[in-house]
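Here are my notes on this one, written for someone opening it without any background. Have the structure up on screen while you read.

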Amino acid sequence: MHSPLVIGSGLTGAAIAMMKPDVQLYDKARKSGGRVSTKDIEEGQVRFDIGATMFRDKMEVHWLGKVSNYNLFEIWKTNGVEIETKPIYDQHHFYPILGMESIANAMLKGLPIHQSMTLKSIRENPNKEWICEFYNNLEKKSESITNSQVILTLPLPQIFEIFSNSEENPKFNRWFQFLKPYNDYRKTLISLFSWNDWTPNLKSLGIKEEKGIPINTSLQKGENWEYESWEHIKYPNPNRKGSHLLVQFSALFSETHFEHWMDSEKKPTPEYKEMFIAGVKERWNAPAPDAIWNHRWKYAQAQMPLLRREGALTLDSEEFLEWKQLCKETGIMVLGDWLFGSKMERIIGGVHFLIHNEIL
Ligand SMILES: Cc1cc2nc3c(=O)[nH]c(=O)nc-3n(C[C@H](O)[C@H](O)[C@H](O)COP(=O)(O)OP(=O)(O)OC[C@H]3O[C@@H](n4cnc5c(N)ncnc54)[C@H](O)[C@@H]3O)c2cc1C
């Protein structure tokens, strides 16, 4: 039997590959990581995270009346993965010194990944195998791969699009009906502000360094400028003067301003530029930034995950049993943040648990 075909080399795909290195991984992007994404600009002088920015080390699973506690560092160690981290925000959160994307890359351990391969549709052959139709974006041609087990790790709207491009099959209808209630994602708008010479005087702004935790982040849920991180403190570079502020905007703000957020070069449109200049002045007493770079995530984080957003992953539920049954009966497994919750430790810990208990 072939090893399963995994679509998506984001965090979920990388966690599966870390523990089952014989899977075949396909991704439409040129690189791995998905929503765990680190950008390098100015020829590598400046680094910042445009997706996930930190993770918690601990998570908990409730199953068959038992509670199991997991620690990400231990899971990585057991799988021979080493990631050097620093604390961030509080004593429970961490980030890797090489950027968040390095987590996905470390878990993938240099395994061969079929990048630039977009899954377009799936159909079933008489042997009950799945024929996956890809478009190879580099060679500009279609390619098909057949496998009896397919694991889909994409955000649900992208999975629904693949189902709707595919030949009708009652198995897709069953999945669609099951997944529909979890198809709720928040949007997130991102800006990076860059100053060549100016740096903020954080102490004079009343921001104190906690013991061992660098003063570089603040999270104000619900405020428009929801998450702010001084990325030149997060990723210091002694050869580069100045500073960099990364902002993630709130769900409501992001929903409202999504359409006209940026031009084709990821520069803000003039109305937003004005708003930013006033915003950094008011919040940080900063001069106008020397450069601004924008990004937007349409499916940033699942809002209604089956195993809940916070607290332990509770697997003793009717819904989870139904999910297991569907995976078994269809030969398709659908996994990701809509299942575990949109937190890295829930995804890595959740995948570890499923593999350890031979569910995956
Ligand atoms: C702005 C932002 C901030 C966040 N902050 C945090 C945080 O601080 N802490 C935290 O724990 N979590 C955070 N998250 C959530 C976390 O990033 C996600 O839950 C996690 O990365 C999801 O991983 P995934 O592999 O399930 O999905 P994805 O990362 O979306 O991976 C799916 C992969 O599938 C590929 N793909 C899509 N369509 C196709 C196709 N048709 N064919 C082939 N491949 C395809 C994509 O290229 C992608 O690589 C944040 C997310 C965002 C966007």
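1. Let's start with the ligand. By class, the shell around the ligand holds 15 nonpolar, 16 polar and five charged residues. Here Ala, Val, Leu, Ile, Met, Phe, Trp, Tyr, Cys and Pro count as nonpolar, Asp, Glu, Lys and Arg as charged, and the others, Gly among them, as polar. The shell has 36 residues, and the closest are Gly 8, Gly 10, Thr 12, Gly 34 and Ala 52. A residue is near a molecule or strand if its C-beta atom, placed from the backbone, lies within 6 Å of it.

2. A word on what you are looking at. This is a predicted model, where local features need pLDDT of at least 70 and side-chain atom pairs count only at pLDDT 80 or more, while totals for chains, interfaces and linings use all residues. Residues are numbered from 1 along each chain as its sequence is written.

3. The domain bounds come from an automatic or database domain assignment.

4. How far apart are the centres of domain 1 and domain 2? Taken over C-alpha atoms, they are separated by 31 Å. The contact between them takes six residues from domain 1 and five residues from domain 2, with contact meaning that the C-beta atoms of two residues, placed from the backbone, lie within 7 Å. On the side of domain 1 that touches domain 2, you'll find two nonpolar, two polar and two charged residues.

5. Now the overall build. The protein chain has eleven helices and 21 strands; helices (H or I, at least four residues) and strands (E, at least two) are DSSP runs, numbered from the N terminus. Along the principal axes, the C-alpha atoms of the protein chain fill a box of roughly 70 × 45 × 35 Å. With 360 residues, a compact globule would have a radius of gyration near 21 Å, and the 21 Å of the protein chain agrees with that. The radius is taken over C-alpha atoms, and the globule rule is 2.2 Å times the number of residues to the power 0.38.

6. Look next at the five-strand sheet. This open sheet runs E16-E17-E18-E15-E19 with antiparallel pairing, where two strands pair if DSSP finds at least two bridges between them. Strand E16 (217-219) and E19 are at the edges with a single partner strand each, so one side of each has no neighbour in the sheet. Neighbouring strands of this sheet are turned by 15 degrees against each other on average, direction ignored.

7. Three bridges join E16 to strand E17 (residues 225-230): Ser 218 stands opposite Glu 228 in E17, and Thr 217 has Ser 229 as its bridge partner. The hairpin of E16 and E17 has five residues between the strands, and Gly 222 there takes a positive phi near 90 degrees. On to strand E18 (residues 243-249), which five bridges join to E17; Trp 230 stands opposite Leu 245 in E18.

8. Helix H8 (residues 270-284) lies across strand E15 (185-195), E17 and E19, at about 75 degrees to E15. Axes are lines fitted to C-alpha atoms, for helices over the stretch in contact, and angles run from 0 to 180 degrees between N-to-C directions.

9. Finally, a three-strand open sheet has the order E11-E12-E13 and antiparallel pairing. Its edge strands are E11 and strand E13 (141-147), each pairing on one side only, and the twist averages 25 degrees from one strand to the next. Seven bridges join strand E12 (residues 130-136) to E13, and Tyr 135 stands opposite Ser 142 in E13.
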